[in-house]
Structure formats: C-alpha cells, structure tokens
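Please examine the sequence and the model shown below.

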Amino acid sequence: MTFVQNSRPSPATRAIRDNILSYRDSALAIVPGVALAGTIAVVANVMRSIPAVATFSPMILAIAIGMAVRNLAGTPALARAGISFSMRRLLRLAIVLLGFQITLTQLATVGTKGILIVASTLVATFGFTLAAGRALGVERKLTQLIAAGTSICGASAVVATNSVTEASDEDVAYAIACVTIFGSIAMFVYPMLPRLLHLDADAYGLWSGASIHEIAQVAAASFQNGQRAGEMATVAKLARVMLLAPVVLTLSVVTRASAQPAGGKSARPPIPWFAIGFVAIAALNSVVCIPAGLRSATITLSTFLLTMALAAMGLETDISKLYAEGMRPAILGGLAFLFIAGFSLILIKLVG
C-alpha cells in the first residue's frame, strides 16, 4: 500500500511563514529611508571638521541638510517608510542611550545648591515660556517644543518632547531653529561677560551650563574661561539633561489628561517608556562599572541616532510652512532665552 504524504503546510506553519515574509518586507521597506538619513548624518559629522561650523552640533547640521534636500530636490517616495522609522523608533532608542552620558557621581560635583539652581531655572523657564506663548498667541504644541528646547537641552529636548506633543515636522524645525540661533548668540556673548558680572570660574560654568541651550554651545562658551569653568558647565548641563525624563513624563500625563474624552478613558497612549528607559540606563551607569570603551561607543551611537532622526525630520519639513508660522514663535524663543539667562544669573548671585 502506498501512502501519499500531504505536502500542504499546516495553518500554523503558513502563519509563521507569512509573519516572516511580512517582517522581511517591512525591513526591506525601511532600508532606503534609513540609508538616506544615515548618509546625511555622516555628512553632518564630516562637516564638523570645518572650523566655521565646528561649534554646531551634528544634529543641527543634519536637519539643515535634510531640509535642503527636501525643499530643493524633494524627498523620494521610496524613502518615506525609513524616514518615519528614523523619526520614531531610532529617536526613542537614542534617547534611552543618552542615559550613558550621566552618573549620579557627576551630578554630585555640582553640589546641592547647583542642582537646585539648575532645576529651579528649568521649571521657571518652562513655565514662563508657556505663559509667554499663550500671551503671544503661539500655537500650544510649538510653544511646548520651544519651552523644552530652551529650558532643557536644545534639539534633543525638542525631538524628545515631540514624541509626546506630536507637533508637525515644521513646528519641530522651527523650535530647533530658535534654540540654535539663540544658543549660538549665547555661545559668543557669554565669554565676554564673566569679569563684567563678577563671576568666578565655578559661577560662570554653572551659569553657562544652566542656561545655554545645546551642550556643544555650552562647551564652546565655558571652556573659553578655563578648564574649571568648562568642567562645571558640562556637569551642570548634564544635570539639565537628566531632568529631560521627568519633564517628558509630566507632559505625557498632562497631555493625556487633557485628551480625556467624556467616557473617562484616555484616547492617548500611556507613559512614554523610552523616558523610563533613559532613567534606568542612567541609574545603571551610576552603579555598574561600564568599560570606558563601551560607554564611549554607546554615547557616540546615541548622538549618531539622534542625528539620523533630525535628518529624517529635515527630509519631512516644508520651508513654506515655516514661513507661515510668522515671527511670533521667534519672539517667544528670544524672550525664553533672555529669561533663562537672567533668571539663572540672579539665582547664582543670590544663592551662590
């Protein structure tokens, strides 16, 4: 008797095969966009070797290059899926990896007074910017992005906050432009002020770290007044970065509550877990001795992934929509910059 074996796969086997094919197709779909964003990120890092642009972070250069490509040549339709992946998934991974930049030991060197000054300045600046934005009639989401970028850590804070606010790419680009312009002004003006304001190295470093937007701008401004000022500024800036997670989590809760429908159940997603991951990595970095080479590699990877995310946002940004925003957001960015500089200086004079 001859038995004929049934060659048709079982339903379970077919389901597994279909899932594998689906994942393969999804992975292949994001390759062009991820490759384009990665290429722009590489170009942005190479451009930093040019003296005239060395003070700008690769993230800022990447969004500028991406916007140029988008508005001069157009973003290829084939790259859309990968661009979306870079703006969301890679961005969240990069923020988690930012935790490797921070340890509790580093923060301790600023001292209790320094931490209080940094935290108070952040909260006051965020609140002032929200109030000023309402007074100027700036759209709420854009106001939140400018508030985060000014009070916390520039472009990184803008893109992290946008994962909760879900503003348009044009709003993100506008907010980054604001913190870039005013942070750059601070980078050139601050080094001329220590003697005029009677600030020693520690006070000047704390002021720079507590009020200048981007960490690259902080370093450029503070180390001009000596190694001690530069080190103090860097640690104060890292303290601000550490507060990124609480701010994003708070915004998530507030936004979720404001979106509460009549039935009582929120239509928005729960707490952003990437912010929890950021805190967890920072805590791990504080208690576990991570090899210097591995830690350096993760920091480099985090910066590169953030640069890719900003490149992707640039590729989705229409400059004509930026013009439509008008000058009010720029005025808001200027007021926020003046507030954080003045408020932090007053606290340092009173407390320090």
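Are helices α8 and α16 oblique or parallel to each other? In this predicted model, the axes of α8 (residues 169-189) and α16 (residues 328-351) cross at roughly 40° and come within 9 Å. An angle under 35 degrees would count as roughly parallel, whereas 65 to 115 would count as roughly perpendicular; α8 and α16 are therefore oblique to each other. The crossing of α8 past α16 is right-handed. On the α8 side, the contact is made by Tyr174, Cys178, Phe182, Ile185 and Ala186. On the α16 side, Pro329, Ala330, Gly333, Gly334 and Phe337 take part. The spacing of such residues can be read against a general rule: an α-helix has 3.6 residues a turn, so residues three or four places apart point the same way.

Attention may now turn to helix α6, which comprises residues 140-153. At its start, the backbone nitrogen of Lys141 has a side-chain oxygen of Glu139 within 2.9 Å. With 14 residues at 1.5 Å a residue, α6 should span 20 Å, and this agrees with the 20 Å between its end C-alpha atoms. Helix α6 is mostly covered, with 12 of its 14 residues buried; among them are Leu142, Leu145, Ile146 and Ile152, as well as Thr143 and Gln144. After α6 comes Gly154, with a positive phi near 65°.

Finally, consider the whole protein chain. Its secondary structure comes to 16 helices and 0 strands, and 48% of its 352 residues count as buried. Of the contacts between residues at least 6 apart in sequence, 80% join residues at least 24 apart.

Methods:
Residues numbered from 1 in each chain as written. Predicted model: local features only at pLDDT ≥ 70, side-chain atom pairs only at ≥ 80, totals over all residues. Heavy atoms only, no water. Helix = DSSP H or I, 4+ residues; strand = E, 2+ residues; numbered from the N terminus. Expected span 1.5 Å × (residues − 1). Buried < 20%, exposed > 50% of the residue type's maximum accessible area, 1.4 Å probe, protein only. Polar contact = N/O pair within 3.5 Å; in protein donor to acceptor, adjacent residues only side chain to side chain. Axes fitted to C-alpha atoms, helices over the stretch in contact; angles between N-to-C directions. Parallel < 35°, antiparallel > 145°, perpendicular 65-115°, else oblique. Left-handed = near helix turned anticlockwise from the far one by under 90°. Contact = heavy atoms within 4.5 Å.
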